[in-house]
Amino acid sequence: FTSPHPKAFPDALLHLMRERDNVCKQIHLPAQSGSTAVLHRMRRFYSREAYIELAERIRELIPGVALSSDFIAGFCGETEAEHRDTVSLIERIRYEHAFLFAYSMREKTHAHRRMQDDVLEEVKIRRLNELVTAFHAGALERNRAEIAREHLVLVEGVASLSLSSLFSLCMCVCVCVCMGADESSIVVVGCGFVVAERVSEPQRGEYVHVRVTDCTSATLRAEALQRTTLRHHSAATSLH
């Protein structure tokens with residue numbers, strides 16, 4: 001689920017996402033910065049504290065939810081202290097996915113009309129690298145916590161790693177790769193996994209029950225346990 005603004009997530013929506021098995025447990029919650037002062041210069045009128053409260057509320061209400069975000073390094077006037085606020089926000093939330101960019105002035109924007117693009121390019125790149133490092137550390141920590149856990153994944157299509165591989169999305173939208181029994185083929189099934197297959201190779205559009213066995217900061221490696229359906233998986237889960 002994607003929203004252009006954090007204000008678009010009332011509790012009623014979060015409860016609905018938690019209760020409905022056919023709704024993917026993933027939310028894109030763009031922050032742009034971890035500094036309240038920078039957010040206000042961007043004309044994003046919420047605070048760092050309000051954003052953290054919302055992110056933690058989402059994790060509380062939707063167990064296993066995957067959070068993604070957008071961040072900009074080196075916005076107009078950004079100080080080192082403001083940059084550190086963004087690093088610390090990424091470290092605190094530990095996103096599953098993030099889109100990270102160095103700031104580039106765009107025409108016909110408030111910043112273009114009223115501000116100066118005054119952060120040096122080399123400073124932007126250094127700050128961007130620090131954001132990337134913080135993100136990967138948090139994502140790897142979260143992915144390591146998934147090892148030995150089981151998930152329902154949806155096979156989506158052919159993966160770029162191999163012509164014999166499939167790409168898919170898990171119900172919390174991470175990349176999952178499924179390996180064939182001889183480890184010669186890789187199948188990506190939802191939620192960011194690589195799955196060593198115990199069943200015949202899953203086909204696009206099928207649901208597969210998997211167990212996570214290994215990970216990187218971007219991908220979960222898992223073994224495919226069995227084909228299933230959303231209805232059967234939901235029924236089995238409700239019994240436990």
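The model is predicted; local features require pLDDT of at least 70, side-chain atom pairs count only at pLDDT 80 or more, and totals for chains, interfaces and linings use all residues. Residues are numbered from 1 along each chain as its sequence is written, and side-chain values use heavy atoms, with hydrogens and water left out.

Side chains of opposite charge can pair when their charged atoms come close. The structure contains 16 salt bridges, each defined as a side-chain nitrogen of Lys or Arg within 4 Å of a carboxyl oxygen of Asp or Glu. One of them joins Arg-126 and Glu-80, at 2.6 Å from N to O. Arg-126 belongs to helix α6 (residues 121–145) and Glu-80 to helix α4 (residues 80–93), 46 residues apart. Helices are DSSP runs of H or I with at least four residues, numbered from the N terminus. Glu-80 also forms a salt bridge with Arg-127, at 2.9 Å from N to O. Because Arg-127 lies in helix α6 and Glu-80 in helix α4, this pair ties together parts that are 47 residues apart in sequence.

Accessibility was classed as buried (under 20% relative accessible area), exposed (over 50%) or partly exposed (in between), with a 1.4 Å probe and protein chains only. Arg-127 is buried at 4%, whereas Arg-126 is partly exposed at 32% and Glu-80 is partly exposed at 36%.

Disulfides, defined as pairs of cysteine sulfur atoms within 2.5 Å, number zero in the structure. Cys-24 is partly exposed at 23% relative accessibility, and Cys-76 is buried at 3%.

Conventions:
Helices (H or I, at least four residues) and strands (E, at least two) are DSSP runs, numbered from the N terminus.
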